[in-house]
Amino acid sequence: MKTLDVDVVVIGGGSTGVGVVRDVAMRGYSAVLVDRVDLAQGTSGRFHGLLHSGGRYVVSDPNSARECAEENAILTRIQPSAIETTGGMFVCGPDDDPAFGDKFLAGALANSVPATEISVAAALKREPRVNPKITRAISVQDGSVDGWQLVWTAAASAMEYGAKVLTYHKVTRIEREGDTVSAVICHDAKTGEDVRIGCHFVLNCAGAWAGQIAAMAGCHDVEVVPGRGIMVAMNHRLVNTVVNRLIHPSDGDIIVPVHTVCIIGTTDVKAPDPDNLPIPREEVQQMLDAGEVLIPDFRKARAIHAWSGARPLVKDSRVSAADTRHMSRGMGIMDHSERDDLKGLLTISGGKLTTYRLMAEHIVDAMESQLGTKNACRTAEEPCPSPEGTSTTYHVTHRLHDREQDRMADQILCECELLSRRMFTDKLAEQPTGSLDDLRRQLRLGMGPCQGGFCSMRATGVAHEVGTVDIERATGLLRLFLKNRWQGLWPILYGDQVRQTALDNWIFSGTLDVEHLPEGAEVV
Amino acid sequence: MTDVVVIGSGLAGLVAATKLALGGKSVTLISKGLGGLQLSQGTIDVLGYAPGRVADPIAAAASMPAPHPYSVLSSDAVRAGVTYAAELLGDRLVGDPSHNVLLPTAVGALRPTCLVPPEMAAGIVTGGIQYALVGFRQLKDFYPQLCAANLARQTAPDGGPIYARAISLDLPAVADMADSSALAYARAMDDPSYRQKLASLLKPQLAEHEVVGMPALVGYRDRTAHRHLEELLGHPVFEIPLPPPGVPGMRLNEALVAEAKKAGVRFVSGAKAVGLVAEGDRVVSVGQATAGRIRQYTADAFVYAPGGFESGALTLDSYGTVTDTVFGLPLHGLGQDLITADAPADQALFRVGVGVDKDMRVVDTTGHAPYSNLYAAGGILAGAIRWTEKSGEGIALASAVTAADSILKGA
């Protein structure tokens, strides 16, 4: 068995885990982060893309509101490439109570969340597709954030400070010596090898899976309730700023412009298993109905993809165990030295992507307090390395600008997302064992209207041509990518996306006969 | 007023219109735009899988169960349809309607089809064949290594081995451009001097007995391009269809449009057909949504060949309702789980369509024909998943020729 020795093992490669490993590394500890799959493959990539202004919580959860407002400004400074400063609005629908707006403004003022009421005319001028029957509008500083970029840039910063990031390493066992955690045993899914990581401390940042991890250390009954929410991406940006409904947090109360699409979210249903998150038809209908309130004829726009994510909610005895909507969005740190007489293990649950950095700071503080050490947290001061060395926030026309520069010299593999061959081969060189979906999350391969219709064969061909994958793996990668795209397509298949699917079927089945290729590799 | 109005300019519409015009009818063809043929792979598929690989598509078509269009059409009708297209297109198609062949696809699968353009014929797989697959660095829709490696993993139907290797050429279609479409290459290949340049790069790399596979771009309008390239190389050359727009499909489309025009078919393109006017059980006219108004086209008979979901003739709305967007005809194949988590190509939704009797007259779900003079053909017909079966052209041709014959016979 391969062995490693570090101070701290962080389990979970979502936003919490990378925030924690970055903070730990910046405070001078040797650290390794492990995840059973790729970074940000779970909840951190399966949300609506909102960078909270805090407005959503000014009435229901003032503490979260204040934190969101502060962290929004910090993240925009330290991870600009992941963030688009779209701005946002809360609008009062025709049947919503206008008096809620007064509570909203009072809460915003009390919690330092910037918010200004604007006229309905000004709101409609800013977003012409918004329902003209709205009665009030409040402007806030919402943004949109690419969870994958956020996580990868934070991971890059951690690695600059010496942290190791081991993806596709599934934790199989947590060992203890006496009353202290001593090692984490992982199985490397890509090589089939087991790895023993000796350590003094384990930070369990496994999100909706944190209960399963805690149990491996003998700490039972850690209840993290996965709150499942669905999101639907609509083709094009129907709005260019975030549009929220001016009501108490509810299902389908927000539309977020993210990259070339806009996303409506979300539902909140207790999920028994975070590995099995359905996208029920009735919830899709619910999203479309909710969209109609914010944007008339929302249903007639083209839905291109849907997904489901599992919020890691802390079980709170004050609310019903089935009511995940009203469970705290705040974070919970469980110290197992008090709860289970096991030193060197903290379990983290709850929280929001917007406050991931602050949450990491609290967790690492808690770790240091148990260790009896104290180092300053510097994660808010120092920017993370940016992929193209840019220091400006994301703009939706960035890639168009880049392709204007290299259009004669390079090919565009994915026209929907303006992805060049060079961008693809560079990322492939960084992640040669990645699946096309792993590369997709960082490159947006196949995430536009054609949903991989034209680019997936090209990506497969290039990966095979440059020698990174053999033919069995190439065929397996193509099949898996198409299968995974379909998972998010069929629940929202209607309108023009049916027509697109028919064209894609003519390409893959009709012209290329992909289903009759010889077998591909089963594990890719 | 014409004798017949045909709606749709895909394979079914073009062939039905031409047959009717050659049979002495005055024909107006109305269409929203170019038909789907230009997006196709350019072969005549009759039946490739049912669900196992089919050797004789005409024989296999006869045993397709209801509600497949072939269960309504007789095998004679299938043969007549395919034969008619072969006669109409002359030397643009080769092959035997009762015998499928296997051709390499761009990713290296072996795809069954029936009639093929002569530009593809040298690629028909036989045991021991030695493929040299040629790609261009500036063409992103064909990866010769991928194609070769998958082909080399398979055996020919006779059990013999398949040899395949890849050659990459650094030859742009347009000077200094790294990203050119197959159509740009096909236009470049219309120039004999470009073919000479290609041959001078390629010929030294070829070995004896190799059959040269190229992406389908060996000339767009110059029909001598393929033969010329074979002469220059001294090797047989075949084309491999790429994702759309497909050059072989465009060639077939242009040839069929020319035949239809030669036969006297009048084309009115650029606006979608919308709605029909009926008197009793007869359709009197159909509308076309031209600028500012709906223009009515009256006729004695109507052939409805608008395609399926891919053309926009059928649509599914966000509430799950499937509609014929042109005439609102009763649809067959509804009333079950139309979309499931199963493979995208096999969804029941794509079997939904219009039902017909043996004369190709449109019928409702009880088998009753609401109109005595409305016929349907091609992709709008219910009961088949054409891309999986590799049956699109066969269904289109058999139904178009049957519908035209019904009208010509005064059925």
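User: Which residues does A:Ser44 touch, not counting residues up to four places away in sequence?

Analyst: A:Ser44 touches A:Gly14, A:Ser15, A:Gly147, A:Val151 and A:Leu353. Being in contact means that the C-beta atoms of two residues, placed from the backbone, lie within 7 Å. Keep in mind that this is a predicted model: local features need pLDDT of at least 70, side-chain atom pairs count only at pLDDT 80 or more, and totals for chains, interfaces and linings use all residues. Residues are numbered from 1 along each chain as its sequence is written, while chains are lettered from A and ligands numbered from 1 in the order in which they are written.

User: Where is A:Ser44 found in chain A?

Analyst: It sits in the loop between β3 (31–34) and β4 (50–51) of chain A. Those labels come from DSSP runs, numbered from the N terminus: helices are H or I with at least four residues, strands are E with at least two. A:Lys352 is 308 residues apart from A:Ser44 along the chain, yet their C-alpha atoms are separated by 9.1 Å.

User: And why does A:Ser44 count as buried?

Analyst: A residue is buried with 20 or more other C-beta atoms within 10 Å of its own, exposed with 12 or fewer, and partly exposed in between, C-beta atoms being placed from the backbone. A:Ser44 has 23 C-beta neighbours inside 10 Å, so it counts as buried.

User: Which residues of helix α7 (residues 192–202) of chain B are buried?

Analyst: B:Arg195, B:Leu198 and B:Leu202 are the buried ones. They cover an arc of only 60° around the axis, so they lie on the same side of α7(B). That arc is taken from the directions from the helix axis to the C-beta atoms. In general, an α-helix has 3.6 residues a turn, so residues three or four places apart point the same way. Exposed B:Ser193 and B:Ser200 are on the face of α7(B) turned away from its buried side.

User: What covers the buried residues of α7(B)?

Analyst: The cover includes β5 (130–136), β6 (163–169), α6 (182–189) and α8 (225–233) of chain B.

User: What makes β6 and β8 (237–240) of chain B edge strands?

Analyst: They belong to an open sheet of four strands, in the order β6-β5-β7-β8 (chain B), with parallel pairing. β6 and β8 of chain B each have a single partner strand, so one side of each is left without a neighbour in the sheet. Strands pair if DSSP finds at least two bridges between them.

User: How many bridges join β5(B) to strand β7 (residues 211–215) of chain B?

Analyst: There are three, and these strands run parallel. With at least two required, β5(B) and β7(B) make a pair. B:Leu133, for example, has B:Gly213 in β7(B) as its bridge partner.

User: Which strands of chain A are joined by five bridges?

Analyst: Strand β12 (residues 180–188) and strand β13 (residues 194–198) of chain A, which run antiparallel. A:Val184 stands opposite A:Ile197 in β13(A). Both strands belong to an open sheet of four, ordered β1-β13-β12-β11 (chain A), with mixed pairing.

User: How many residues does each chain bring to the contact?

Analyst: The contact takes 41 residues from chain A and 39 residues from chain B. On the side of chain A that touches chain B, the largest share, 11 residues, comes from α15(A).
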